[in-house]
Amino acid sequence: MRLLNQILGHYGLSLDDWAGSVYTVRNGKGGSVVVRDVGTLWQAAEELAGRPLDPLDEGLMETLEAHVQR
């Protein structure tokens, strides 16, 4: 969950766990989507972010490296 929130946070999103079986992806504008697995998580996150989420985005890599160095 922590790693997913670091990744999603880079795109202005967050992830909440509900009873360990359902997850809610949220954006900063009040939008949210309930998902059941990681496969649907990425699709929902892209819809909420309004753009594709690039796992090789240089800014994302810098964000994750900064978290590791703490």
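Strands here are DSSP runs of E with at least two residues, numbered from the N terminus. With that in hand, select Asn-27, which has its place in strand S2. Keep in mind on this tour that you are looking at a predicted model.

**Stop 1: Asn-27**

Show the side chain of Asn-27 and look for backbone nitrogens around it. One of them belongs to Gly-31, reached at 2.7 Å. Another is the backbone nitrogen of Lys-29, which the Asn-27 side chain reaches at 3.0 Å. Is Asn-27 buried or exposed? Its relative accessible area is 16%, and because the cut-off for buried is under 20%, Asn-27 counts as buried. Now hide its neighbours within four places in sequence: Asn-27 is then in contact with Gly-12, Leu-13 and Leu-48.

**Stop 2: the sheet**

Select residues 22-27 to show the whole of strand S2. S2 belongs to an open sheet of 3 strands, in the order S1-S2-S3, and the pairing is antiparallel. Colour 13-18 and 32-35 next: these are S1 and S3, the edge strands, each pairing on one side only. Neighbouring strands in this sheet are turned against each other by 20° on average, with direction ignored.

Zoom in on S2 and S3, an antiparallel pair with 4 bridges. Together they make a hairpin, with 4 residues between the two strands. Pick Gly-30 in the turn, where phi is positive, at about 95°.

**Stop 3: across from S1**

Select Arg-26 and Asp-16 together. How far apart are the closest N and O atoms of this salt bridge? They are 2.7 Å apart. The pair joins distant parts of the chain, with Arg-26 in strand S2 and Asp-16 in strand S1, 10 residues apart. A search of the whole structure finds 1 salt bridge.

**Stop 4**

Step along to Val-25, which stands opposite Val-33 in S3. Beyond residues up to four places away in sequence, Val-25 touches a list of neighbours that includes Ser-14, Leu-15, Val-35, Leu-41, Ala-45 and Leu-48.

Which residues of the largest nonpolar core touch the most other members? Select Leu-8, Leu-13, Val-25, Leu-41 and Ala-45, from a core of 14 residues. Then colour helix H1 (2-10), S1, H2 and helix H3 (58-69), each of which supplies at least two core residues. H2 gives the largest share, 4 residues.

Show H2 as a cartoon by selecting residues 38-49. This helix lies across S1, S2 and S3, and runs at about 175° to S3.

**Stop 5: His-10**

Finish in helix H1, where you will find His-10. With a relative accessible area of 26%, His-10 is partly exposed. Which backbone nitrogen does the His-10 side chain reach? Look at Leu-60, whose backbone nitrogen is 3.4 Å away.

To complete the view, show Arg-51, Asp-57 and Gly-59, which are among the residues in contact with His-10 once neighbours within four places in sequence are left aside. Leu-60 and Thr-63 are also in contact with His-10.

Note on methods. Residues are numbered from 1 along each chain as its sequence is written. This is a predicted model: local features need pLDDT of at least 70, side-chain atom pairs count only at pLDDT 80 or more; totals for chains, interfaces and linings use all residues. Side-chain values use heavy atoms; hydrogens and water are left out. Two strands pair if DSSP finds at least two bridges between them. Axes are lines fitted to C-alpha atoms, for helices over the stretch in contact, and angles run from 0 to 180 degrees between N-to-C directions. Contact means heavy atoms within 4.5 Å. A salt bridge is a side-chain nitrogen of Lys or Arg within 4 Å of a carboxyl oxygen of Asp or Glu. A nonpolar core is a set of buried Ala, Val, Leu, Ile, Met, Phe, Trp, Tyr and Cys residues joined through side-chain atoms within 4.5 Å. Buried means under 20% relative accessible area, exposed over 50%, partly exposed in between (1.4 Å probe, protein chains only). A polar contact is a pair of N or O atoms within 3.5 Å; within protein, one must be able to donate a hydrogen and the other to accept it, and residues adjacent in sequence count only if both atoms are side-chain atoms.
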